[in-house]
Amino acid sequence: MTDGSPSAGPAQLVVLGMHRSGTSGVTRLLNLAGAHFGPEGIATEVNEENPRGFWERRDVRAVCDGLLHGAGFDWWKLVGFDAEALPADVVAEGRAAFGVVLEELEANRPWVVKEPRLCVLLPVLAPLLDAPVCIHVTREPLEVARSMHQRDGFPLQAALGLWELYTVRAVAASAGLPRVLVRYEDLMEDPVGTTARLVDDLTALGVEGLHHLEPDDVLGFI
């Protein structure tokens, strides 16, 4: 599925999705397909929670944490959160920090970033982007909730509430922007075909610089 007006040229790819939804896998596949991720050592370290890597940049995570913590929120504590009502000084500091990250990314378009917190923070940072294309990654909500319960000990009802908040906010934040949808279930059932469709969908939106992957490259990761 694609939506929004076409993007011109090498794009700024933003992967959006709730924690435990497969965003890491999609980000790595886009990286393999030609989207720049970042210099060696910039990613959150591999651990038993995600042995294939989180494929999120530590500096982007720091920007997001700074925005949330500066206003008294956290990724799991978002009751009453409104991205449009963050304190001006917190927003200014966060945008300045994100601008530093963009200095490296912008020299390497097309690039890709993934950070679940962007689902609620994209309205704050999107004004710094001139060619954003959003990739929404969804997973059956109960599966997400069970994974969060196992990882974080969250009650299923609380985890489902977070899934809904992240998903609704992400869709609202990307309204009017070029965007595509990837289902976790499709990626697991048909990694090669789903990856090919993702590249085709992004190319149809005008994204330049991506290429199709060899099946063995996809299957070697997923």
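Q: What makes helix H3 (residues 88-105) and helix H4 (residues 118-125) roughly perpendicular?
A: Their axes come within 10 Å and cross at roughly 90 degrees. Angles of 65 to 115 degrees count as roughly perpendicular (under 35 is roughly parallel, over 145 roughly antiparallel, the rest oblique), so H3 is roughly perpendicular to H4. Axes here are lines fitted to C-alpha atoms, for helices over the stretch in contact, with angles from 0 to 180 degrees between N-to-C directions. Helices (H or I, at least four residues) and strands (E, at least two) are DSSP runs numbered from the N terminus.

A quick word on the model: it is predicted, with local features needing pLDDT of at least 70 and side-chain atom pairs 80 or more, while totals for chains, interfaces and linings use all residues. Residues are numbered from 1 along each chain as its sequence is written, and side-chain values use heavy atoms, without hydrogens or water.

Q: Which residues bring H3 and H4 into contact?
A: On the H3 side they are Val91, Gly94, Arg95 and Phe98, which meet Pro123, Val124 and Leu125 of H4; contact means heavy atoms within 4.5 Å.

Q: How do you know how H2 and H3 are oriented to each other?
A: They pack at an angle of about 180 degrees, with axes 9 Å apart. H2 and H3 are therefore roughly antiparallel. Asp59, Val60, Val63, Gly66, Leu67 and Gly70 of H2 make this contact with Val90, Val91, Gly94, Ala97, Phe98 and Val101 of H3.

Q: What makes H2 and H4 roughly perpendicular?
A: Their axes come within 11 Å and cross at roughly 85 degrees, so H2 is roughly perpendicular to H4. Val63, Cys64, Leu67 and Leu68 of H2 meet Leu118, Leu121, Val124 and Leu125 of H4.

Q: Why is Glu56 called buried?
A: Buried means under 20% relative accessible area (exposed is over 50%, partly exposed in between; 1.4 Å probe, protein chains only). Glu56 has 6%, so Glu56 is buried. Glu56 lies in the loop between helix H1 (23-32) and helix H2 (58-70).
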